[in-house]
Amino acid sequence: MVTGGTRGIGAAIAERLAADGWDVARLGRADADVADRDAVNAAFARVRVSRGPILLLVNNAGIRADGLAISMDHDDWSSVVDTNLTGAFNCTKAALPDMLKARYGRIVNVSSVVAERANPGQANYVAAKAGLLGLTRTVAREMARKGVTCNAITPGFIATDMTADLNGDLAGAIPAGRVGQPEEVAAAVSFLVSDEAAYVNGATLSVDGGLGA
């Protein structure tokens with residue numbers, strides 16, 4: 001299951017995992033609002049019926065609603081935190097019973113480079129993405145003896161619709177001298193869910209061209 005899997009980074013991840021041999025279900029906003037736990041549970045139930053147990057989950061669904069903290073609308077705070085953080089929790093909780101029964105599971109949370117650095121104008125987004133790293137480490141510790149791993153990716157500036165409206169010379173701020181591509185994030189996810197990464201758990205893998213270094 002790849003949430004936010006119909007465009008941008010999520011679509012690239014879904015396509016890469018399918019190429020790796022996974023039977024991938026994509027969950028987009030039209031299918032279910034990840035912030036709505038009942039809608040998530042219903043969507044996961046439909047996938048189980050059509051495809052079987054969910055043993056891989058990529059929590060990628062995310063939104064932005066930028067603004068300075070002093071003037072940020074409370075609804076903008078809530079919507080971003082509810083989607084980017086609570087949504088990941090809802091989906092993780094929905095998927096874990098399948099993984100525990102199988103004693104095998106892979107969870108990857110798509111956080112952001114801003115989770116570990118200040119980014120003025122994005123208090124809601126930064127808080128949610130930082131919280132996602134905490135959720136990642138906690139689930140990793142809780143599930144490690146059950147054959148379930150939980151890791152995080154922190155992308156930097158990636159060429160998607162979500163970053164298209166950002167102003168300034170993005171490439172000039174990145175040590176690599178360019179923005180990243182969704183397929184580069186997908187490659188990192190592919191590794192984290194592979195058998196080769198079975199001993200990687202609770203880790204954060206940066207895909208940011210050195211921006212967070």
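A nonpolar core is a set of buried Ala, Val, Leu, Ile, Met, Phe, Trp, Tyr and Cys residues joined through side-chain atoms within 4.5 Å. Keep that in mind for the first stop. The model on your screen is predicted.

**Stop 1: the largest core**

Select Met1, Leu27, Phe44, Leu57, Met99 and Ile107. These residues touch the most other members of the largest nonpolar core, which has 26 residues. Now colour helix 2 (37–51), helix 3 (74–102), helix 4 (123–143) and strand 5 (148–155). Each of these elements gives two or more residues to this core. Helix 3 gives the most, with 6 residues. In soluble globular proteins, nonpolar side chains tend to be buried together.

Zoom in on Phe44. What does Phe44 touch, leaving out residues up to four places away in sequence? Show Met1, Leu27, Ile54, Leu57, Cys91, Ala94 and Ala95 to see its contacts.

Next, select Val2, Ala12, Ala14 and Val108. They are among the members of a second, separate core of 20 residues.

**Stop 2: helix 1**

Select residues 8–19. This is helix 1, with 12 residues. Its first and last C-alpha atoms are 17 Å apart, close to the 16 Å expected at 1.5 Å a residue. Which residues of helix 1 are buried? Pick out Ile9, Gly10, Ala11, Ala12, Ile13, Ala14 and Leu17. Then show what covers them. The cover includes strand 1 (2–3), strand 2 (26–27), strand 3 (56–59), strand 4 (105–110), strand 5 and helix 5 (182–192).

Step past the end of the helix to Gly21. Gly21 follows helix 1 and has a positive phi, near 110°.

**Stop 3: helix 4**

Move to helix 4. Its 21 residues should span 30 Å at 1.5 Å a residue, and its end C-alpha atoms are 30 Å apart, so the two agree. Select Asn124, Tyr125, Val126, Ala128, Lys129 and Leu132, which are among its buried residues. Others include Leu133, Leu135, Thr136, Val139, Ala140 and Met143. The cover over the buried residues of helix 4 includes helix 3, strand 4, strand 5 and strand 6 (204–207).

**Stop 4: a residue on helix 2**

Select Ala42, which lies in helix 2. Why does Ala42 count as partly exposed? Its relative accessibility is 33%, and partly exposed covers the range between under 20% for buried and over 50% for exposed. The C-alpha atoms of Ala42 and Asp31 are separated by 9.8 Å, and the two residues are 11 apart along the chain.

**Stop 5: a pocket and a cavity**

Select Met1, Trp22, Asp23, Val24, Ala25, Val47, Arg51, Gly52, Pro53, Ile54, Leu55 and Leu56. Together they line the second largest pocket. About 190 Å³ of space lies in this pocket. Its lining has 9 nonpolar, 1 polar and 2 charged residues.

Now look for a closed space. The count comes to 1 cavity of 30 Å³ or more. The largest cavity holds about 50 Å³ of space. Select Thr3, Val34, Asn59, Asn60, Ala61, Thr83, Asn84, Gly87, Ala88, Cys91 and Leu132 to show its lining. Which helix gives the largest share of that lining? Helix 3 does, with 5 residues. By class, the cavity lining has 5 nonpolar, 6 polar and no charged residues.

**Stop 6**

Finish at Arg103, in the loop between helix 3 and strand 4. Most residues other than glycine have a negative phi. Arg103 has a positive phi, near 50°.

Methods:
Residues numbered from 1 in each chain as written. Predicted model: local features only at pLDDT ≥ 70, side-chain atom pairs only at ≥ 80, totals over all residues. Heavy atoms only, no water. Buried < 20%, exposed > 50% of the residue type's maximum accessible area, 1.4 Å probe, protein only. Helix = DSSP H or I, 4+ residues; strand = E, 2+ residues; numbered from the N terminus. Contact = heavy atoms within 4.5 Å. 1 Å grid on protein atoms, 1.4 Å probe; cavity = no way out; pocket = protein on both sides within 12 Å on 5 of 7 lines; lining within 4 Å. Points joined across faces, edges and corners; volume = space filled by probe spheres on them. Nonpolar A, V, L, I, M, F, W, Y, C, P; charged D, E, K, R; others polar. Expected span 1.5 Å × (residues − 1).
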